[in-house]
Every structure is written in structure tokens, then in C-alpha cells.
Amino acid sequence: MAKKQAERLKQTVTRTTLAGSLLVGVMLLIGGLLLDQRPAKADDVVVYKSPTCGCCKAWVSHLRENGFKVTVHDRRNMDPIKRKMGVPRRLQSCHTAQVGEYVIEGHVPAADIVRLLREKPLVKGLTAPGMPMGSPGMEGPRKDPYEVLTFQPDGKTSVYARHNQ
């Protein structure tokens, strides 16, 4: 009789231990998934730029300094890339990037890209039209105020961020 009780106790302990281990495993898995809710990884950043453009190289360095791993494709003619990515001419700058499903045009600060990936607005992308002095990659003797805009496939824009105000 004592032997049967000991055997049942052993089975109960084994089942409890297995159930507890399973529960802990599930909790660790769920916790890991919740903690891994990061914005798109830096591997998602692909930059198209002219091979001779120094400010484009500086912008790529800015992204890397802010934790992005960037793949760069040098192109002598950027017009086909900009057309393919749907960047309206009035919003263009010197380089074009793709981050996940978004297009990034010009000297957009890394912090704005991080915010875009976190908030996931329904837009085509971000642009810092032209080449504003004082933007990442365009550092120099002055910092001009500039805006980063969201843009839609139809070209409609709205202000996303203001810098150097």
C-alpha cells in the first residue's frame, strides 16, 4: 500500500513538474515575443544614391551611427529609382531609401524614421525636399529650419516633423 501511494505521489509530482515546466516555457515564449516588438530591423534600409555624392555618404553614416545597418546601391541615374518608388519631383532630394514598405527621400533624420516605423502611419513615405543645411548629412556653418513631410501616392503631403526651428 505504501509503495502504491509513493508511486502515485511520484506521478503527481512528475505531472505537476511537467505542467509547471510547460507553463514556464509558454510564458517565456510569450514574453520573448512581446519584448521583441521592435521597429523594422536596420537590415530593411536600402539606400540608392549617386556614387560621388558626399552628403549622401554622410547621411548613410548618420543612419549607421543611429543603429541602422544600411545596404547602399550606387546609381549614376537616380530618376528611374525615384519614379519607381513614386517620389513626386517637387519632393525629391539627392538620395532615396526604402525602409520596409516606406520610401525615405533625402536628408530625413534617423529619429524621424524610427518614429515612422513605430507609429506606422498610412503614408507612402517621408521626405526632406531639397538639401536643407543643418539636416543629417548636410552639416555645415549654419542650420536652416526645415520640415520633414509625409507623402501619399497621389503626392499629398503633411508636416511630420520640424527641425532647427
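Of the 165 residues of the chain, 38% count as buried (under 20% relative accessible area, with exposed meaning over 50% and partly exposed the range in between, for a 1.4 Å probe and protein chains only). The model is predicted: local features need pLDDT of at least 70 and side-chain atom pairs count only at pLDDT 80 or more, whereas totals for chains, interfaces and linings use all residues. Residues are numbered from 1 along each chain as its sequence is written, and side-chain values use heavy atoms, with hydrogens and water left out.

**The whole chain**

Colour the model by secondary structure. The chain holds 4 helices and 7 strands (DSSP runs numbered from the N terminus: helices are H or I of at least four residues, strands are E of at least two). From the N terminus on, the elements follow the order α-β-α-β-α-β-β-α-β-β-β. Among contacts (heavy atoms within 4.5 Å) between residues at least 6 apart in sequence, 49% join residues at least 24 apart.

**The sheet**

Select the strands. They form an open sheet of 7 strands, ordered S2-S1-S3-S4-S5-S6-S7, with mixed pairing (two strands pair if DSSP finds at least two bridges between them). Strand S2 (70-74) and strand S7 (157-163) stand at the edges with a single partner strand each, so one side of each has no neighbour in the sheet. On average, neighbouring strands of this sheet are turned by 20° against each other, direction ignored (axes are lines fitted to C-alpha atoms, for helices over the stretch in contact; angles between N-to-C directions run from 0 to 180 degrees).

**S1, H2 and S2**

S1, helix H2 (residues 54-65) and S2 make a right-handed β-α-β unit (with the strands pointing away from the viewer, the path from the first strand over the helix to the second runs clockwise).

Within helix H2, select His 62. At 16% relative accessibility, His 62 counts as buried. Leaving aside neighbours within four places in sequence, His 62 is in contact with Pro 109, Ala 110 and Pro 136.

Strand S4 (residues 102-106) and strand S5 (residues 125-128) pair in the parallel sense over 4 bridges. In S5, Leu 126 is the bridge partner of Ile 104, and Thr 127 is that of Glu 105. On the side of S6, S5 pairs in the antiparallel sense over 3 bridges, and Leu 126 stands opposite Thr 150.

Show the side chains of S5. In a regular strand the side chains alternate between the two faces of the sheet. Gly 125 and Thr 127 point one way from S5, Leu 126 and Ala 128 the other way, and all are buried.

**Helix H4**

S4, H4 and S5 make a left-handed β-α-β unit. Helix H4 (residues 110-119) packs on the sheet, touching strand S3 (96-99), S4, S5, strand S6 (146-151) and S7; its direction makes about 135° with that of S7.

Select Asp 112, found in helix H4. Asp 112 is buried, with a relative accessible area of 6%. Not counting residues up to four places away in sequence, Asp 112 touches Leu 126, Val 148, Tyr 160, Ala 161 and His 163. The C-alpha atoms of Asp 112 and Val 148 are separated by 8.2 Å, although the two lie 36 residues apart along the chain.

End at Arg 115, which lies over the face of Tyr 160, at 3.8 Å from the ring centre (a charge sits over a ring if NZ of Lys or CZ of Arg is within 6 Å of the ring centre and within 35 degrees of the ring normal).
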